[in-house]
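Here is a briefing on a two-chain model. Keep the structure open while reading the points below.

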Amino acid sequence: MIAFLIKRLFHALLVMFVISIIAFAIQDNLGDPIQQMVGQSVPESEREALREQLGLNDPFLVQYLRFAGNALQLDFGYSYIFNQPTTEVILRHLPATLELVFATTLLIVLFSVPIGVYSAIRPRAWLSRFFMGVSIIGISIPVFLTAIMLIQLFAIGVSWSPFPADTGWGAWLNDLITTEGGMPAYGRGNPVPVFGTWATNFASLEGLTYLVLPAISLASIMLPLFIRLIRAEMLEVLQSEYVKFARAKGISLRRIYFVHALKNTMLPVITMGGVQIGTLVAYTILTETVFQWPGMGLMFLNAIQRSDVPLIITYLMIVGLIFVITNTLVDLIYGLVNPTVKLTGKPA
Amino acid sequence: MTTTTPRVASRWSRFRGSYLLYSFKRDLIAQLSLVVFIALVAVAVLAPWLAPMNPYDLAQIDIMASELPPFWVEGSDPTYLMGTDAQGRDLLSTILYGARVSLIIGFGAVALQALLGVSFGLLAGYLGGRVDAFLMRLADIQLSFSTLMVAIVVGALVKAIFGGATFSAYAVPLLVLIIGLAEWPQYARTVRASVLAERHKEYVDAARVMGFTSRRIMFRHILPNTLSPIFVISTVQVANAIISEAALSFLGLGMPETQPSLGSLIKSGFDYLQSGSWWITLIPGLVLVVLVLVINLLGDWLRDVLNPRLYKG
């Protein structure tokens, strides 16, 4: 176990090292800090002196070590847009994203397990087929389009009547597609401050209404993935010998499904879940852009559009760190839950 | 003179007797999906001849005719069947051209992914050792970041390096490159897994004993036996690449609005959603969803039929 732990930690450090090299290369090649600092009228000789003073003429390795040293102290310089230390900017935007991700995860866990298990237990029931059909449609709709449709349906409202209103069925269909709208779809509203820069949307009913549409959009892309995964794994487990044996022993079906089979179904789901965190973060960029949700994703996109290099780098490093930590944790949990996993990571 | 029947059945007759065709004939969803897919590809390819106007030609655009609704809504103009966008471009024509751009990028990116992924997967699986460890670590890292995230970051960097104008001019090849580079690990892992399953079989040993080079064994002997997972992955990857392109375009890191793909059309329409012009966003959106959906359905069907041992996780 200790060897596995050390190996995993070493791997994590290696990944962070690669990310920091990439981040440094970006900083080195994009944007000239001198140009950002001084005006047009400053002569070349003074620029050169400033460059020398800031150490921009040092060898690559020296510059990288300086960058890495600062990075270890979470000092990535100042954001051009906000004119504040980038870590402060990120910390201010972090709670919004975390709350969105948390709400989405709640939705995913609440719905994916029962639906996935149900459609594995009764693969031929019409309800299972319906869930499978909906989930493949869900996978095929890009997250930003789901978000846009939700905005049209529940925020703006639908008042068009494309069907002939003088016929009975036309009027009925028109009624069916007409919605009121009125759900908040832009920003976070007035979140309740908890402490420091952290204000929460979970504390008030009004705050929760702001969270509904973004969380549903974000869940719409992840939920089908998990439903399909849980169903596939559960189907496989239900075929296995020990389930047949448990059934032969006369254990109640409910116990077999939810105690014996579900436990082994969740193992691969945990690993998948860890991998999907990366996808989730990528999708927060899209969701936050549509809903103008003031989180890290929207901030990152703004930073890209306005070439705020320090902020871009900080985002990459911090998101990279989050990925590496979650992946390492998932591996460790997996090793703990399933002792048969080869902990040394040697190929079989 | 008597005609001798060939000992080996021709490819066509083999196809006709195959399980693939048999299950296709029995699967209504697969047939419908294929019909819709072929229809969409056909209208996209024939866009310059089918479209009522050329959305790239500024002379044909009438700004006075902007934001006209589609034909079934009041206030529409019969010249513009699906209405017009905010710049006065005929939406139907723009969608046809846009679907073309989306498909070109989707297939181009998958071709690049397949080239990279299959080569790396073969190398990693066949050579093993350090090459394997290095390539798979790289794939793991990229996958843990998720392909879309990598595409967004690479897209942002490429755009920053080249500048907005150059990026727009070469948007199609650049997007193929970005999505291709971001999504090769899927292929590599699948190919590697099947190579590992194949490489200890007797025919590979036989080929090695006969003195064939590694390259010949990899490409001529092992590769053909790993084709079915590659097929299955390819369908899903085309759908993914089209969605990735749409997402990049939606974020403003993809096709410019002068040469829109379906994604950038959706983006340009999104700004007018509040003013009630829903069609600019929702009609291209519907086309995109249908396109991706039929590809996914075909991929699902193919996976059920070929049933390869896909690399999980």
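A:N83 sits in the loop between α4 (60–72) and α5 (86–121) of chain A. Its phi is near 55°, a positive value in a residue other than glycine. The model is predicted.

**Loop residues of chain A**

- Is A:N83 buried or exposed? A:N83 counts as exposed, because it has 8 C-beta neighbours inside 10 Å and the cut-off for exposed is 12 or fewer.
- A:Q292 also lies in a loop, the one between α11 and α12 of chain A.
- The phi of A:Q292 is positive, about 50°, although A:Q292 is not a glycine.
- A:Q292 has 13 other C-beta atoms within 10 Å, so it is partly exposed.

- Strand β1 (residues 192–195) and strand β2 (residues 198–200) of chain A pair in the antiparallel sense. The pairing runs over 3 bridges.
- Which residue of β2(A) stands opposite A:V192? A:T200 does.

**Helix residues of chain A**

- A:E206 belongs to helix α9 (residues 205–238) of chain A.
- A:E206 counts as partly exposed, because it has 13 C-beta neighbours inside 10 Å.
- A:E206 and A:P191 are 15 residues apart in sequence. Their C-alpha atoms are 8.6 Å apart in space.
- A:L173 is placed in helix α8 (residues 168–177) of chain A.
- With 16 C-beta neighbours inside 10 Å, A:L173 counts as partly exposed.
- How far apart are the C-alpha atoms of A:L173 and A:D308? They are separated by 49 Å, and the two residues are 135 residues apart along the chain.

**Two helices of chain B**

- Helix α9 (residues 171–198) of chain B has 28 residues. From its first C-alpha to its last it reaches 40 Å, close to the 40 Å expected at 1.5 Å a residue.
- Where in α9(B) is the kink? A kink of about 40° lies at B:E183, shortly before the proline B:P185.
- α9(B) is mostly covered, with 20 of its 28 residues buried.
- Just after α10(B) comes B:G211, with a positive phi of about 90°.

**Where the chains meet**

- How many residues of chain A are in contact with chain B? The contact involves 36 residues of chain A and 36 residues of chain B.
- On chain A, six helices each supply at least two residues of the side that touches chain B: α1 (2–29), α6 (126–140), α7 (143–156), α11 (253–291), α12 (296–305) and α13 (309–337).
- α11(A) gives the largest share of that side, 11 residues.
- The residues on this side of chain A divide into 27 nonpolar and 9 polar, with no charged ones.

**UniProt annotations on chain A**

- An unreviewed UniProt entry gives "transmembrane region" for residues 9–27, 100–118, 130–156, 208–230, 265–286 and 312–337 of chain A.
- Residues 208–230 of chain A are 100% helix and 0% strand, and their end C-alpha atoms lie 29 Å apart.
- Residues 312–337 of chain A are 100% helix and 0% strand. The end C-alpha atoms of this span lie 37 Å apart.

**UniProt annotations on chain B**

- The unreviewed entry marks "transmembrane region" at residues 28–51, 101–129, 141–161, 167–184, 222–243 and 278–299 of chain B.
- Residues 141–161 of chain B are 90% helix and 0% strand, with end C-alpha atoms 24 Å apart.
- Residues 278–299 of chain B are 95% helix and 0% strand, with end C-alpha atoms 31 Å apart.
- The annotation "domain: ABC transmembrane type-1", from an unreviewed UniProt entry, covers residues 99–299 of chain B.
- Residues 99–299 of chain B are 83% helix and 0% strand, and the end C-alpha atoms lie 20 Å apart.

How values were computed
Residues numbered from 1 in each chain as written. Chains lettered and ligands numbered in written order. Predicted model: local features only at pLDDT ≥ 70, side-chain atom pairs only at ≥ 80, totals over all residues. Contact = placed C-beta atoms within 7 Å. Helix = DSSP H or I, 4+ residues; strand = E, 2+ residues; numbered from the N terminus. Nonpolar A, V, L, I, M, F, W, Y, C, P; charged D, E, K, R; others polar. Expected span 1.5 Å × (residues − 1). Bend = angle between axes of the 7 residues up to and from the residue. UniProt positions renumbered as here; feature names shortened; annotations may be inferred. Pairing = 2+ DSSP bridges.
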